[in-house]
Amino acid sequence: MSEFINNNQARVNSLYDFCFQLINGAKGTELIKEYQAAIDQLTPNDIVLVVHRLVEAKLPMEDLKIGINKALNVFHRQIQNHSKPDVDSTHFLGIMMQENAQLDIRLKEIKPLAKRINTIKDEAELAEELSSLKVKVEALSEMDKHYQRKENIFFSYFENQFPDYKCLGVMWSIHDDIRRVQKQLTAELTSGFIDLRLINRLLGDLFFFMYAIISREEYLLFPVALNAVSDELWEEMNAQSHEIGFSFIEAPKLVKKGKKQETNKREMAEDKLDMDQLGDTLLNFETGLMTLKQGMMLLNHLPVDITMIDENDRVCFFSNPKERFFPRSKAIIGRTVQNCHPPGSVHVVDDLVKTFKSGEKDSESFWIQMKGRFILIQYFALRDEDDAYKGCIEVSQDVTDIRKLNGEKRLMD
């Protein structure tokens, strides 16, 4: 097989065959010997392409994640031989890596505490240590801003610039594993019943998932993205990041470099001029008239989040209310609605859109509890005068206080 190692496509094919067989139960030792030549020459780009193909093979996500973990263990030495992205601290990836470094510090602070709880015999002392552990575990939730910026901003740009992007779905699934484990671990540490065996297992899972993401970002995904995405787009990502926020670090200042700074100022001025002109454009509805500015104010002042997708399943609009429940950025415009959701819920999205397109349904409602609030999420099909499907809207509303209403209120407070 050595004659194929300098042929990128042949090497990717070999690595794909290796991973596919590993996932399907082949013995690792024998496989490694057979594919050693390709393994020795692999690159981060190869891994991204292989995972894309594995996702397209429609393997179950849990089987896929387990198999990829095994494969990356085999590839560990070769992966570590490649460099992390060489970017400055103001670059989008530089900011992401600073957050990873801060997460690493916090995980290392938890390790001795996690060991100590297994040696304590006194119940009162153990309860105190578990309380300290709970505080530190809860503080890790700050990292979710990092994951949200990836899912809602970075992933969108990477999809547009790199056609073999489906490894992102696997990474998003691991983000959800982190959220699930952290929530369960916090609940266990809050519970009056102490199950140290379960707490230890959950801590192990949390450390494994978080360090897996750090490694896969910095040694695999980020190096590929650095070559695939232009400098201008990284600056756009930085600008949109402030809407979501940052993990463990202060919000970095936006930096414009070189001649682009004056160009951007001119473009921003032109955009403002265009918006000022378009804002007075009169919209003639069947039930009245309003300007574009008034229409935007109307949508943004409604106590709901509104997102619209077109008949091709692509996001074309979202409102900008004062308070929103789910992160949104301009990066999602033009993105397929399937790619805007974690892999575990894509089948729900597909089924819903299918029923709208077929005419079987015109609406569907879901409700969830999030951060102590009760959120109603409704979907409505959009149809033209000929009843042809033209897309749908998602309307999310916090109905916590509405559910508490009773009796009547006829006077102002």
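Me: Which residues of H5 meet H10?
Reply: Phe-92, Leu-93 and Ile-95 are the H5 residues, and they meet Trp-234, Met-237, Asn-238 and Ser-241 in H10. Here, contact means heavy atoms within 4.5 Å. Helices (H or I, at least four residues) and strands (E, at least two) are DSSP runs, numbered from the N terminus.

Me: What sort of model is this?
Reply: It is a predicted model, where local features need pLDDT of at least 70 and side-chain atom pairs count only at pLDDT 80 or more, while totals for chains, interfaces and linings use all residues. Residues are numbered from 1 along each chain as its sequence is written, and side-chain values use heavy atoms, with hydrogens and water left out.

Me: Back to H5 and H10. At what angle do they pack?
Reply: H5 and H10 (residues 231-244) pack at an angle of about 50°, and their axes are 8 Å apart. That makes H5 oblique to H10. Axes are lines fitted to C-alpha atoms, for helices over the stretch in contact, with angles from 0 to 180 degrees between N-to-C directions. Under 35 degrees counts as roughly parallel, over 145 as roughly antiparallel, 65 to 115 as roughly perpendicular, and the rest as oblique.

Me: And H7, how far apart are its axis and that of H5?
Reply: The axes of H5 (residues 92-116) and H7 (residues 144-161) are 11 Å apart, and the packing angle is about 155°. H5 is therefore roughly antiparallel to H7.

Me: Which residues of H5 and H7 meet?
Reply: From H5 there are Phe-92, Leu-93, Ile-95, Met-96, Glu-99, Asn-100 and Leu-103. From H7 there are His-146, Tyr-147, Arg-149, Lys-150 and Phe-154.

Me: New topic. What is the order of strands in the open sheet?
Reply: The order is S4-S3-S7-S6-S5, five strands with antiparallel pairing. Two strands pair if DSSP finds at least two bridges between them.

Me: Which strands stand at the edges?
Reply: S4 and S5 (363-370) do; each has a single partner strand, so one side of each is left without a neighbour in the sheet. Direction ignored, neighbouring strands of this sheet are turned by 20° against each other on average.

Me: How many bridges join S6 and S7?
Reply: Nine, in the antiparallel sense, with S6 covering residues 373-383. Ile-377 stands opposite Ser-396 in S7, and Leu-376 has Gln-397 in S7 as its bridge partner. The hairpin of S6 and S7 has five residues between the strands, and Asp-387 there takes a positive phi near 70°.

Me: How many bridges for S3 and S7?
Reply: Six, again antiparallel, between S3 (residues 305-310) and S7 (residues 389-398). Thr-307 has Glu-394 in S7 as its bridge partner.

Me: What about S3 and S4, parallel or antiparallel?
Reply: Antiparallel, over three bridges, with S4 at residues 315-318. In S4, Val-315 is the bridge partner of Ile-309. The S3 and S4 hairpin has four residues between the strands, and Asp-313 in the turn has a positive phi of about 70°.

Me: Why are Tyr-16 and Phe-20 separated by about one helical turn?
Reply: Because Tyr-16 and Phe-20 are four residues apart in helix H1 (residues 8-23).
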